[in-house]
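Work through these exercises with the structure open beside you. Try each task before reading its solution.

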Amino acid sequence: MLEVEDVYAGYGRIPVLSGIDFTVAEHEVVGVLGHNGMGKTTLLKTLIGQVPVTSGKIRFGDTDISNTSSFRRARAGLGYVPQGRAIFPNLTAYENLRMGFIEDGIHSEDAAVKDVLARFPRLDSIIDRLGGALSGGEQQILALARCLCGRPKLLLLDEPTEGIQPSIVEEILEILIGLHRHQGLAIIVVEQNLDFIRRLSDRVLLIEKGTITGEVSPEALGETQELGGYVAAG
Amino acid sequence: MDLAVVVGIDFIYAVATLALISIGLAIVFGMMRIINLAHGEFMVMGSYSAAVAVHHHVNIWIAILIVPPVVVAAIGAIIERVIIRRLYGRMVETMLATWGLSLFVVGILTMVFGDITEGVPTPIGGITIGSYQASGYSLFVIAMSIVTIAGVYLVLRTSRLGLLARGTMQNAEMAAALGVDTSRIYAVTFAFGAALAGLAGGILAPVSGVFPNIGGSYIGRAFITVIGGGPAALVGTISASTLFGVINQLATFASNPVYGEVALLAAAIILIRLLPQGITGRYFRGSL
């Protein structure tokens, strides 16, 4: 589904990713683990097109999207939930969901939003509130729901549990597991929460200094010595 | 009683005029954060397109209501593509570029039409209120101001394009990651703001006269209104227009129009001193 081949990327003249290689198969969930500043967020931004590829190739399906603009990647089926959620603060929760809808000539906006709302009953009570007035957990759920309104084939999730209360983390995890199992949604998840990434991922990539340096099974995440320096202590 | 009605019309006309000349800038500056110093010249181009249409025997209503927004929207779309698109997020460069653009437009208009006042006939005559006369066209301007603001509200609040524009102006990078063609949205929004400026120029052409430098008399009041109104483009424009329009007319009635303008400027300074974020930065927060 996704092939990332020897990708170099960075901000201006500052390189961050150097020679990234990995693939994601259909219906697969791939976790990405690494310390802060190792390039996890830049990797997802590069995949969605917010950071330019300086060399290498990104193929999504049969298409080379290395130099494709961000909105075309989203329309091709890449969904992105960024770190910090990036909720539109002056739009209501409902309008945020509508922003996520991508016209394809088949689905209607109303049906897509209703379909997503059915999965996220927590949003019912806050649907008319402004995005900026929601709690961090509510925003995270809204960001995920908004992304799903676009019917992505591959979901890019950047630190979905950051600053979120445990009950909502569990709720998000249940939803993602459900989407993966029942709809076969492929996911790349960048996360520091070991339990979250272990329960969700099929395999976990280790990233260090902008390069994929290894791969471990989710089960191995229980053994901290196996991870070496890839996660923060404690 | 009749006098009160006539005076009331004058007050509402002052508010309506201020709202009309500011609404396009509220979109371009208030929403898009583009300091368009050529806003006055966009209005002048609207006025000239109305004048030219009238001279070519186009129906007067089409000449002042349809031709100006269409012509200025097209010019705005070209300007966005050629100049503004390269300057998003660069406020100083945008100011310089649009200032240069305003001088260019004034120069071109002077070269083509000469430094004389073109006339556009007033399509509505005076109306009698008791023993007083009032301008029927003032009532039309008031009505058009209300219709324009209501139209902008409907476009922004109920249409998908309006939603995408509001979202894109809040976070363009995220909007693009959700599949929104933000370049197109920026272009359409800028053209929409230009069309509103053109419409205002067309509507005001019969009462203001049309000459190349008249944009200078619009731009200051438009910026004062939009900045005084604060972050909410529509509610800010309405509230600031009402405040400044009433103050302007009170001072005008008490003395003369010059003091009216001075009072408007003084009110703007006091307002920005008391409410640096504008009226909607403190009140009506989160409104459109």
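Angles here run from 0 to 180 degrees between N-to-C directions, along axes fitted to C-alpha atoms. The model is a predicted one.

**Exercise 1.** Find the strands that helix 1 of chain A lies across, and give its angle to strand 7 of chain A.

Solution. Start at residues 40-48 of chain A, which form helix 1. This helix lies across strand 3 (29-33), strand 6, strand 7 (154-158), strand 8 (186-190) and strand 9 of chain A. Then take the angle: helix 1 runs at about 145° to strand 7 of chain A.

**Exercise 2.** Do likewise for helix 5 of chain A and strand 6 of chain A.

Solution. Helix 5 covers residues 136-148 of chain A. It lies across strand 6 and strand 7 of chain A. Its angle to strand 6 of chain A is about 170°.

**Exercise 3.** Work out the strand order of the open sheet in chain A.

Solution. The sheet has six strands, in the order 6-7-8-3-9-10, and the pairing is mixed. Strand 6 (78-81) and strand 10 (211-216) of chain A each have a single partner strand, so they stand at the edges with one side lacking a neighbour in the sheet. On average, neighbouring strands are turned by 20° against each other, direction ignored.

**Exercise 4.** How do strand 9 and strand 10 of chain A run, and how many bridges join them?

Solution. Strand 9 spans residues 203-208 of chain A. It runs antiparallel to strand 10 of chain A, and five bridges join the two. Now pick one residue: A:Glu208 has A:Thr211, in strand 10 of chain A, as its bridge partner.

Key
Residues numbered from 1 in each chain as written. Chains lettered and ligands numbered in written order. Predicted model: local features only at pLDDT ≥ 70, side-chain atom pairs only at ≥ 80, totals over all residues. Pairing = 2+ DSSP bridges. Helix = DSSP H or I, 4+ residues; strand = E, 2+ residues; numbered from the N terminus. Contact = placed C-beta atoms within 7 Å.
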